[in-house]
Amino acid sequence: MARIHALIILLCASSAFAQSKRYPAPPKDADKEQASHSALWEAALDPERKPYDELVRDAKRMLDDRTKDSASAALPKLDEAVGRLPGDYHAHAARGLAYLLLGDWAKCAADLELANVATLEANERDAVELQLGVCQGRAGRYADAERTLLHAVTVASHGEQWMRLGEVRIALGKLDEAVDALTAALEARDGTEGTIHWLLALAYDRARKSTAADEEARKAIQFDSAFSLIVNPTYPWLRAGEDQYMLGLAYGTTPTLDREQARPELALLYFRHFLKTAPTSPWRRRAEEHVKAFAAMAFPRTLYRTPQSTSLVETAPLVPVVQKAMPQLRACLAKQPGLTYAVSIIKAGPRTPESDRERPRYNVPASGLKVTLDHDLDAATKPVQDAARTCLEVASAKLALPAPKEKDTYYQLSFYVVAP
């Protein structure tokens, strides 16, 4: 019996061996097995890692559209992630971006500093370091922002980094160094050229290099004729009232475009408003110099003739007529320095009788005037606006502008009135 039993075992073993030869076991994926083993091991050692990674991943997806709503929605997830692993940089970097989108500059800077830029990969490092410099500057930490951005341009010489460094140096009063940084931003050819030229105009103006400032402002206008880069910047300007100051420079510059003209009345308006908005600015004295220069001008400098005018009236001889009446016109706004009005005057020539078959078929507007609100920087009430408009209408009606001599023609001229 023993022999029979042994023989059965031997036959079974042989069959199993043959079966294994016929259908070999699939090879093991050593890397996959090792990764699975490592993941299990890490999860056992660090149970917070997996939920942390999921929270950060979900929050980053929310932040992809770069809106305030997405930033607000992502914050609770990032707060929870930081609570789970406060020493890990990923959540701090993402939360710093969320605070940047929300304009909470101090919290943005604090989080991005904890992100430990040196540990990030190159593409992420460049973005986070730029964001850190932006937030430090807007939190009023100009010296810290300069150090951050100076390091940023040494490792990533991009136009945006150089531009932000130049902007910070203007805020610090380092005007020559600001010009150097902004020039490097232009040379990098990957920044916002219009904004760079506006900042160069600002730096040169405050260094009292007026010719260079005007040249840069004219270049900026070629990129930004509507001044939208000043009014709607990517991030708020570093100091209070900087947009008002830059608009003063913009309106006081004669553009190179033929269809545009300088608006010194508005330059005066915005420099005055800067003094009101930023009474403690280190550039207050320079703004006062601008106010003094523009206030001494005889307004209007020119009269604007609408292209639809059919009378070829020469506007230059009419400028002194309006200038003579301007003190009375400006007195209407003496108590409203934040207002400017546009005055449009139509003068029509003699008409051909309707019975005449040669009468032109097109309509010629009747003589008259219109006063419209142009700018209101102080948000004046409607009664105040209406009172100023009525006063200007009465004073403008007294202007002795000649009517065209040619039949069935007219001209329309306009000018601006600002407080004395």
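A cavity, on a 1 Å grid over the protein atoms alone, is a set of points where a 1.4 Å probe fits but cannot get out, and its lining residues have an atom within 4 Å of a point. Grid points are joined across faces, edges and corners, and a volume is the space filled by probe spheres set on the points. This is a predicted model, in which local features need pLDDT of at least 70, side-chain atom pairs count only at pLDDT 80 or more, and totals for chains, interfaces and linings use all residues. Residues are numbered from 1 along each chain as its sequence is written, and side-chain values use heavy atoms, with hydrogens and water left out.

**The whole chain**

The protein chain has 18 helices and four strands; helices (H or I, at least four residues) and strands (E, at least two) are DSSP runs, numbered from the N terminus. Of its 420 residues, 44% count as buried, where buried means under 20% relative accessible area, exposed over 50% and partly exposed in between (1.4 Å probe, protein chains only). Contact means heavy atoms within 4.5 Å. Among contacts with a separation of 6 or more, 66% join residues 24 or more positions apart.

**The cavities**

How many cavities of 30 Å³ or more are there? The count comes to two. In the table, Ala, Val, Leu, Ile, Met, Phe, Trp, Tyr, Cys and Pro count as nonpolar, Asp, Glu, Lys and Arg as charged, and the others, Gly among them, as polar.

| Cavity | Volume | Lining by class |
|---|---|---|
| Largest | about 80 Å³ | seven nonpolar, no polar, three charged residues |

The lining of the largest cavity includes Glu 167, Trp 237, Arg 239, Glu 242 and Met 246. Two or more lining residues come from each of α9 (159–172), α11 (193–206) and α14 (242–251), and α9 gives the most, with three residues.

Around the second largest cavity, the lining residues include Pro 264, Glu 265, Thr 302, Tyr 304 and Tyr 416. Here α15 and β4 are the elements that give two or more residues.

Helix α14 is largely enclosed by the rest of the structure, because nine of its 10 residues are buried. Among them are Glu 242, Met 246 and Tyr 251. The buried residues of α14 pack against α11, α12 (210–223), α13 (228–231), α15, α16 (284–295) and β3 (368–376).

Arg 263 lies in the loop between α14 and α15. Is Arg 263 buried or exposed? Its relative accessibility is 13%, so Arg 263 counts as buried. Beyond its neighbours within four places in sequence, Arg 263 is in contact with Tyr 251, Tyr 304, Asp 374 and Tyr 416.

**Helix α17**

Helix α17 (residues 319–331) has 13 residues and reaches 19 Å from its first C-alpha to its last. That is close to the expected 18 Å, which is 1.5 Å times one less than the number of residues. Where does α17 have its kink? A kink of about 45° lies at Ala 325, shortly before Pro 327; the bend at a residue is the angle between axes fitted to the seven residues ending there and the seven starting there. Ala 325 is also one of the buried residues of α17, along with Val 319, Val 322, Met 326, Leu 329 and Arg 330. Their cover includes α15 (264–277), α18 (382–396) and β4 (410–418).

**A partly exposed residue**

Glu 80 sits in helix α4 (residues 68–84). With 38% relative accessibility, Glu 80 counts as partly exposed. Glu 80 and Pro 51 are 29 residues apart in sequence and 9.6 Å apart in space, C-alpha to C-alpha.

Key
On a 1 Å grid over the protein atoms alone, a cavity is a set of points where a 1.4 Å probe fits but cannot get out, and a pocket is an open set with protein on both sides within 12 Å along at least five of seven lines; lining residues have an atom within 4 Å of a point.
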